[in-house]
Amino acid sequence: YYDSLERVCAALGVPTTRATVDCSFADFGQAAHLRYSASRVANFLELRGRWAPAVSLDAALRDARDGDGARSWGAWKADRGLDAASNACVRALDGQLSWVLSCSKRTLEKFPAGPILAYARGLGLGLAGCLLARGSRDVVRVRPSVAALEAALAHGSELALGADVRNVGPDRAVGGRGPFDAVVLAVPPGALAAALDVDAVLPPGDRDLFAGFASETNRIVLHADARLMPTDRRDWRALNVTGGDGDGGAAMLTVWLNRYYPEHAFDGDVFQTWNPHVEPEADRRLSPDLRLPRVVQSWPETPKIQARVAELQGVGGFYFAGAHAVPGMGLLEQACQAGEAAAARVLADLAA
């Protein structure tokens, strides 16, 4: 699933490494109802008492076909007889998807099923991924840091940081400089109207196109309050997903940073929580809260918008990138794919 990121890093000479991440899925205030470990034996023992729900979810994911993506996630689950209320494995997957997609569970039900199924297959989110020696439980990390990737991407380029970029028009002048041969707009949809003179650049019927991308804003808290972790410390994992409604019906994710970054020395247990269901105590907070908006998708509206964005690439010398611009989960992998696609189109158009 991370092929694009690894390919770009390899081309730039930036090393990557894979790190193992384990998970715990719990209902708040109760013992973890599902624990995922790096150990295949531990996963087998964990699934013994949940074999029937695990097998039903696994079979549905393995049997999914391309045509199954032409519906919402909620409709696909209903067609397959997968009920989160009665199936702990489906409930855990929904909790995982809620934080991965930064959306409420109500929004998740409307999300296009195709990208989710491809994501599940790509990461091996089934019995084989849990019980066999595969790389599905790994995440890709850039070494020594993302700053190294930024430096490699900028090598040989002239950067104008802090430029006032707004209302870029048909002359393709940016921040008082230009005109440029091509302009790539890699900005969130909500910022496009400020960066681009949409009335002058986009066709009349497309001036509200990017406003069609919906978003949800969630909160991230850095803290040292163990109350936001599973009750039993033996259930603690690198990623700890908590069910329940919470804000907007979203799951809660608490990352145990000591486990996620074992190479770093922390002064005690440190946690990062997305969408906290319970507020960390004031004296346990380690930084101000961070609020991040994130594009959310729905079927069939979002695929239609993305298809039209693809048709607009290159019109007037303007190109669009960002995780929202291409079909998929809307993750950094899609941002990477969108950037590659925009760059390839720019080079092809300039060479024509």
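Aspartate 68 is buried, with a relative accessible area of 12%. Buried means under 20%, exposed over 50%, and partly exposed in between (1.4 Å probe, protein chains only). The model is predicted: local features need pLDDT of at least 70, side-chain atom pairs count only at pLDDT 80 or more, and totals for chains, interfaces and linings use all residues. Residues are numbered from 1 along each chain as its sequence is written, and side-chain values use heavy atoms, without hydrogens or water.

Aspartate 68 meets arginine 80 in a salt bridge at 3.0 Å, N to O. The term covers a side-chain nitrogen of Lys or Arg within 4 Å of a carboxyl oxygen of Asp or Glu. Aspartate 68 sits in the loop between α3 and α4 (73–80) and arginine 80 in helix α4, so the pair ties together parts 12 residues apart in sequence. Arginine 80 is partly exposed at 33%. Salt bridges with shared partners join Asp68, Arg71, Asp79 and Arg80 into one network.

## Other salt bridges

The count comes to 23 salt bridges. One of them pairs arginine 7 with glutamate 340, with the closest N and O atoms 2.8 Å apart. Arginine 7 lies in helix α1 (residues 3–12) and glutamate 340 in helix α14 (residues 332–351), so this pair ties together parts 333 residues apart in sequence. Arginine 7 is partly exposed at 45%. Glutamate 340 is partly exposed at 29%.

Aspartate 58 and arginine 62 form another bridge, at 2.7 Å between the closest N and O atoms. Both lie in helix α3, four residues apart, about one turn of the helix. Helices (H or I, at least four residues) and strands (E, at least two) are DSSP runs, numbered from the N terminus. Aspartate 58 is buried at 9%, whereas arginine 62 is exposed at 55%.

## Nonpolar patch

Val41, Phe44, Leu45, Trp51 and Val55 make a nonpolar surface patch of about 450 Å². Patch residues have over 30% relative accessible area and no salt bridge; like charges are joined within 9 Å, nonpolar side chains (Val, Leu, Ile, Met, Phe, Trp, Tyr) within 5 Å. Helices α2 (40–48) and α3 (51–63) each supply at least two of the patch residues. The largest share, three residues, comes from α2. Leucine 45 is found in α2 and is partly exposed at 45%.

Note on methods: Accessible areas come from the Shrake-Rupley method with a 1.4 Å probe; for residues, only the protein chains shown count as cover.
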